[in-house]
Amino acid sequence: MDAVLSWLFSSEEQERYVLDCMAYFMGFMAACTFVSLLFQNVPYGRYASSSYGFPVNVKLAWFIQELPSLLVPLCLVLWTSSSKTSLLPNQLLIAMFLCHYVQRTLIYPFLIRGGKATPFASFALAFVFCIYNGYMQVRYLSHYAEYPADWVTRPCFVTGSALWLLGWLMNIHSDHILRNLRKPGETGYKIPRGGMFEYVSGANFLGEITEWAGFALAGLSAHGLAFSIFTTVVLANRAVAHHRWYLSKFEDYPRRRKALIPFLF
């Protein structure tokens, strides 16, 4: 792995520069995505369309597209000269990232019940994004990020870590509720109830947005911030679209329930 990186970059300074540029580009793409999503929804799940390519089995799509976010970081940590992985702040931030993607890659896809196939274009873009982001986040944290010795006791890290854990648990619990909406043999959509779904239509999306906002706060890097912003743009769009869909689909949908932010939005 070191040989590959040496072939790609002439020096560590060049690689660090590229990592920073990747973060800024992701921020730029978040802005572009925000504009494009004003006119259409992200084309997967209930908004899938054949115009975005042939369908890919939903379990297979989730597993393969998320896999780079697990394998690329593991390769970087295990098979490169990762000079910062002995430091506690770096270890904890990398653990947050890997913890999410162990669940999202090795557990979540195989618990999916039913689910619409994913258009190939959406699947391919997600796959590329996971390679890009997996490298950017973990290479920065494992080889370049420098934190003071007392970083893990500072308010930004403590608060960010707590938000990450809260969001991670919220995301997992909300996915559990969605998976169990229908009893065996039942079909069709139902109104999700319980947990944060009592307050927002996109409880699972709120969980993941909170998770990566906490990660960004705990690490205070352009790389984490860019990922958090991009995630918020995409998932906020999903939450609003779901909320509108529920309101049009169910006459008895709870009117006090918001799209994404309890009591506000």
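This is a predicted model: local features need pLDDT of at least 70, side-chain atom pairs count only at pLDDT 80 or more; totals for chains, interfaces and linings use all residues.
A disulfide would require two cysteine sulfur atoms within 2.5 Å. Cysteine 99 likewise takes part in no disulfide, and the nearest cysteine sulfur, in cysteine 130, is 16 Å away.

Cysteine 21 is partly exposed, at a relative accessible area of 31%. Cysteine 99 also counts as partly exposed, with 28% relative accessibility.

## Overall architecture

The chain is built from nine helices and two strands. Read from the N terminus, the order of these elements is α-α-β-α-α-α-β-α-α-α-α. The radius of gyration is 19 Å, close to the 18 Å that the globule rule gives for 265 residues, so the chain is as compact as a globular protein of that length. The C-alpha trace spans about 60 × 45 × 35 Å along its principal axes.

Of the 265 residues in the chain, 48% are buried. Among contacts with a separation of 6 or more, 84% are between residues 24 or more positions apart.

## Annotated transmembrane regions

An unreviewed UniProt entry carries the annotation "transmembrane region" for residues 21-40, 60-80, 92-111, 117-135, 156-174 and 212-236. Two of these spans can be described from the model. Residues 92-111 are 100% helix and 0% strand, with end C-alpha atoms 27 Å apart. Residues 156-174 are also 100% helix and 0% strand, and here the end C-alpha atoms lie 26 Å apart.

## The largest nonpolar core

The largest nonpolar core has 50 residues, of which Leu93, Tyr135, Leu141 and Phe215 touch the most other members. At least two residues of this core come from each of α2 (12-36), α4 (68-78), α5, α6 (120-144), α7 (155-179), α8 (203-219) and α9 (222-249). Helix α9 provides the largest share, eight residues.

Leucine 141 shows how such a member is placed. Setting aside residues up to four places away in sequence, leucine 141 touches Lys84, Asn90, Leu93, Ile94, Tyr147 and Phe215. Two of these partners, Leu93 and Phe215, are themselves listed with leucine 141 among the core residues that touch the most other members.

## Arginine 113 and its surroundings

Arginine 113 is located in the loop between α5 (88-111) and β2 (118-119). Apart from neighbours within four places in sequence, its contacts are Arg179, Asn180 and Arg182. The side chains of arginine 113 and asparagine 180 are joined by a polar contact of 3.3 Å.

Valine 77 belongs to helix α4 and is partly exposed, with a relative accessible area of 26%. Residues up to four places away in sequence aside, valine 77 touches Ser82, Thr85, Ile94 and Val138. The C-alpha atom of valine 77 is separated by 34 Å from that of leucine 178, which is 101 residues away along the chain.

Leucine 78 is also part of helix α4. Leucine 78 is exposed, at a relative accessible area of 58%. From leucine 78 to methionine 1 the distance is 9.3 Å, C-alpha to C-alpha, while the two are 77 residues apart in sequence.

## Residues with positive phi

Most residues other than glycine have a negative phi. Leucine 220 has a positive phi of about 45 degrees although it is not a glycine. This leucine 220 lies in the loop between α8 and α9, and at 54% relative accessibility it counts as exposed.

Phenylalanine 263, also not a glycine, has a positive phi of about 70 degrees. Phenylalanine 263 is in the segment that follows α9 and counts as exposed, with 63% relative accessibility.

Methods: Residues are numbered from 1 along each chain as its sequence is written. Side-chain values use heavy atoms; hydrogens and water are left out. Buried means under 20% relative accessible area, exposed over 50%, partly exposed in between (1.4 Å probe, protein chains only). Helices (H or I, at least four residues) and strands (E, at least two) are DSSP runs, numbered from the N terminus. Contact means heavy atoms within 4.5 Å. A polar contact is a pair of N or O atoms within 3.5 Å; within protein, one must be able to donate a hydrogen and the other to accept it, and residues adjacent in sequence count only if both atoms are side-chain atoms. UniProt positions are given in the numbering used here, feature names are shortened, and annotations may be inferred rather than shown by experiment. A nonpolar core is a set of buried Ala, Val, Leu, Ile, Met, Phe, Trp, Tyr and Cys residues joined through side-chain atoms within 4.5 Å. The radius of gyration is taken over C-alpha atoms; the globule rule is 2.2 Å times the number of residues to the power 0.38.
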